[in-house]
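This report goes through one protein chain, from its overall layout to single residues. Please look over the sequence and the model before reading on.

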Amino acid sequence: MLNLDAEIFAAQQGVSLEDGIPAEFLDKYLSEKCRVWFTVYSIELCIKFIKNTYGFNDIVDDKERAVRLVDFLGEHVFNCDVVREAEQHSNSGSTSTYAYYYTEPTQDGNRLWPKPSWLPSKGDHFSEIKYVFGSPLLANDTTSIWHEQIEKSFSAKIMYASALESEKNLSLSMMLMWSNFAKSGNPNSPVPLPDGIPVWPQFTTENNQFLEINSKQMKVITTPNKSRLEMLADVLWKDREAQLHLEKFTRNT
């Protein structure tokens, strides 16, 4: 998300983010995002809320400021919606709901763009898909149709190049869980999960349980940063909804 939005904005401002996020750039960026994403009526309050929620006021280091901006962008753009959808699906009562939190770091050799030195290695958006479809198992295969297709795409050659043994094991486990779910609606059966992988519990609004997925240790956790996500939804998102209602009312009067 940093590359897709903040770095584009930075380039327009003639600012480099290689060494982190300067405080003055943060103010300009949040001002623009509050105006476009949330509200044109209380931009200053919006900026103040984000800074307080993510502890920006206590930071003097540009790199730490950048890390917290990445946290905000990821939670606003992805995590809030994912959790809300999981809660709504669970509350519908029609089918079971299983939630996962993917934390396998993307290997530097599989990145389409370089990772800033200040950015911790984490699971990137969409990067789990290759494990679901088994691409690490074919990464070193130079004879199959898969290899022919990969060679035709510049981005695919980077994203799917080579694989560690741990990544192959992760792929096998994820393929099993996903195929189990497709068969039965339950990722734990009918085929038993490998030793060391806990039972993946159903997600409910009471237990808030996710399965954290990575190659080192899969474990059951509760909704990451749940209170912060609730604050984003209760303050910024509701503010945006109120603004949209006001605009609609104004157009109809």
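## Terms and overall layout

Helices (H or I, at least four residues) and strands (E, at least two) are DSSP runs, numbered from the N terminus. The model is predicted, so local features need pLDDT of at least 70 and side-chain atom pairs count only at pLDDT 80 or more, while totals for chains, interfaces and linings use all residues. Residues are numbered from 1 along each chain as its sequence is written, and side-chain values use heavy atoms, with hydrogens and water left out.

The chain has 10 helices and 3 strands. Read from the N terminus, the order of elements is α-α-α-α-β-α-α-α-α-α-β-β-α. The C-alpha trace spans about 60 × 45 × 40 Å along its principal axes.

## The sheet

Strands of a sheet pair through backbone hydrogen bonds, either parallel or antiparallel. Here two strands are taken to pair if DSSP finds at least two bridges between them. The 3 strands form an open sheet with mixed pairing, in the order β1-β2-β3. β1 (100–102) and β3 (219–222) are the edge strands, each with a single partner, so one side of each has no neighbour in the sheet. Direction ignored, neighbouring strands of this sheet are turned by 40 degrees against each other on average. Axes are lines fitted to C-alpha atoms, for helices over the stretch in contact, and angles run from 0 to 180 degrees between N-to-C directions.

β1 and β2 (residues 209–213) run parallel and are joined by 3 bridges. Tyr102 has Ile213 in β2 as its bridge partner. β2 and β3, in turn, pair in the antiparallel sense over 4 bridges, and Glu212 has Lys219 in β3 as its bridge partner. A hairpin of 5 residues joins β2 to β3.

## Helix α9 and Lys168

Helix α9 (residues 165–184) lies across β1 and β2, and runs at about 145 degrees to β2. Lys168 is in this helix, α9. Contact means heavy atoms within 4.5 Å. Leaving out residues up to four places away in sequence, Lys168 touches Pro136, Leu137, Asn140 and Ala163. Lys168 and Leu137 are 31 residues apart along the chain, but their C-alpha atoms are separated by 5.6 Å.

## Helices α2 and α3

Helix α2 (residues 23–38) packs with helix α3 (residues 43–53) at an angle of about 115 degrees, and their axes are 9 Å apart. The crossing of α2 and α3 is right-handed; a crossing is left-handed if the near helix is turned anticlockwise from the far one by less than a right angle, and right-handed if clockwise. On the α2 side the residues involved are Leu26, Asp27, Leu30, Ser31, Cys34, Arg35 and Phe38, which meet Ile43, Cys46, Ile47, Ile50 and Lys51 in α3. Sorted by class, this contact of α2 with α3 has 8 nonpolar, 1 polar and 3 charged residues. Ala, Val, Leu, Ile, Met, Phe, Trp, Tyr, Cys and Pro count as nonpolar, Asp, Glu, Lys and Arg as charged, and the others, Gly among them, as polar.

Lys28 is also found in α2. Apart from its neighbours within four places in sequence, Lys28 is in contact with Phe9 and Gln13.

Rolling a probe the size of a water molecule over the atoms shows where empty space is left. On a 1 Å grid over the protein atoms alone, a pocket is an open set of points where a 1.4 Å probe fits, with protein on both sides within 12 Å along at least five of seven lines; lining residues have an atom within 4 Å of a point. Grid points are joined across faces, edges and corners, and a volume is the space filled by probe spheres set on the points.

The second largest pocket holds about 240 Å³ of space. Its lining has 13 residues, and Arg84, Glu87, Leu229, Glu230 and Ala233 lie nearest the centre. α4 (62–92) and α10 (226–251) are the elements that give two or more residues to this lining. α10 gives the most, with 8 residues. By class, the lining has 5 nonpolar, 1 polar and 7 charged residues.

## Backbone exceptions

Most residues other than glycine have a negative phi, and most peptide bonds are trans. The bond joining Ser189 and Pro190 is a cis peptide bond, with omega about 20 degrees. Pro190 is placed in the loop between α9 and β2.

Asn208 lies in the loop between α9 and β2, and has a positive phi of about 50 degrees although it is not a glycine. Phe126, not a glycine either, has a positive phi of about 80 degrees. Phe126 sits in the loop between β1 and α5 (129–132).
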